[in-house]
Amino acid sequence: MNYNLTVLGCGSATPTSKRNPTAQLLKMQERFFLIDCGEGTQQQLRIAKTKFSRINHIFISHLHGDHFFGLPGLISSFHLLNRTTPLNIYGPPELKTWLDTTFKVSNTKLVYPLHFHPTQNKEKSLIFEDKKVEIYSFPLKHSIATTGFLFQEKEKERNIIKEKITEYGIEVCDIQNIKNGKDWISPKGKHINNRELTTDPKPSLSYAYCSDTAYLKSLKENLDSPTLLYHESTFLKDDEKRATKTKHSTSEQAAIIAKDVKAKSLLLGHYSVRYDDKEVFKEEASPIFKSVFLAEDLLEFKVSHNSITSRDLNK
Ligand SMILES: [Zn+2]
Ligand SMILES: [Zn+2]
């Protein structure tokens, strides 16, 4: 099993001809989650051939323009496309005020329900949960209230060994309990341990998204072994003073965090416009953390437990 992550924008601050501001689309367990929504996000979604109607949840990390100025446009397009499904937006409380004002002054009465879920950046909290996925927000350290997001597949069912069903004559009605990890008791009262009837489930995957943040040592209290960690790397070590001042991170610091939280792989992004060649970020991070990937506009990553591959959606 795998999940797909499409980078829609990997730049910071202002859009350039090569880099859109931050937005990512995560497809996990058939669910589409849009993470941040910088200017131009809807055009990038179009190029990535994303069905707009599949997006029911949008997560905004903080209220710097490069992370949410694309939102009213996208919400408005959903409206013009006569969407009927509710849209859920998770973000800082002030985002609701801003959206309400925008739609009030433009005299827009949305044709679909918009549910707003305010986030807080004091402690880790569960903000979404369904049968297969749970999502947490957790505090980051930036010049304005900012949260990261952790997307986590729930523990999967155990795999039943087919031969054992025949061997013991297990009834269909007992199978779900066995898949859930319960032992089985035969009609004659014989106790069979679950381990004898099943094999371990596929590992649950996770994606941790750390948008704008200064180096934050305490992240390891909230993140434990994510399959993939996205961590901003706005600057290189040479510009560490600037990173500290603007509450951003260097590539080296992102690599240290990846090691600290025991991530399997690290994805870098949110590059400052001063760096034309993004390979320098990988060069700086690689000696500290071995599995490093670089975000790039319209690059789609396929993430499984054992591997990460990517393809360019521009091609
Ligand atoms: Zn930013
Ligand atoms: Zn920011």
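Two residues are in contact when heavy atoms lie within 4.5 Å of each other. Keep that in mind as we look around this predicted model, where local features need pLDDT of at least 70, side-chain atom pairs count only at pLDDT 80 or more, and totals for chains, interfaces and linings use all residues. Residues are numbered from 1 along each chain as its sequence is written, chains are lettered from A and ligands numbered from 1 in the order in which they are written, and side-chain values use heavy atoms, leaving out hydrogens and water.

**His231**
- Leaving aside neighbours within four places in sequence, His231 is in contact with several residues, including Cys210, Ser249, Ile257 and Gly269.
- His231 counts as buried (under 20% relative accessible area, with a 1.4 Å probe and protein chains only; exposed is over 50%, partly exposed in between), because its relative accessibility is 0%.

**Cysteines**
- A disulfide is a covalent bond between the sulfur atoms of two cysteines.
- The whole structure has 0 disulfides, counted as pairs of cysteine sulfur atoms within 2.5 Å.
- For Cys37, the nearest cysteine sulfur belongs to Cys10, 16 Å away.
- Cys37 is buried at 0% relative accessibility, whereas Cys173 is exposed at 63%.

**Zinc site**
- His62 (NE2), His64 (ND1), His142 (NE2) and Asp212 (OD) coordinate the zinc ion (ligand 2) at 2.2 Å.
- Donors here are N, O and S atoms within 2.8 Å of the metal (3.2 Å for Na, K and Ca); water is not among the atoms, so sites may look incomplete.
- Asp212 also coordinates the zinc ion (ligand 1), 3.6 Å from the zinc ion (ligand 2).
- His64 is partly exposed at 25%, while His142 is buried at 9%.
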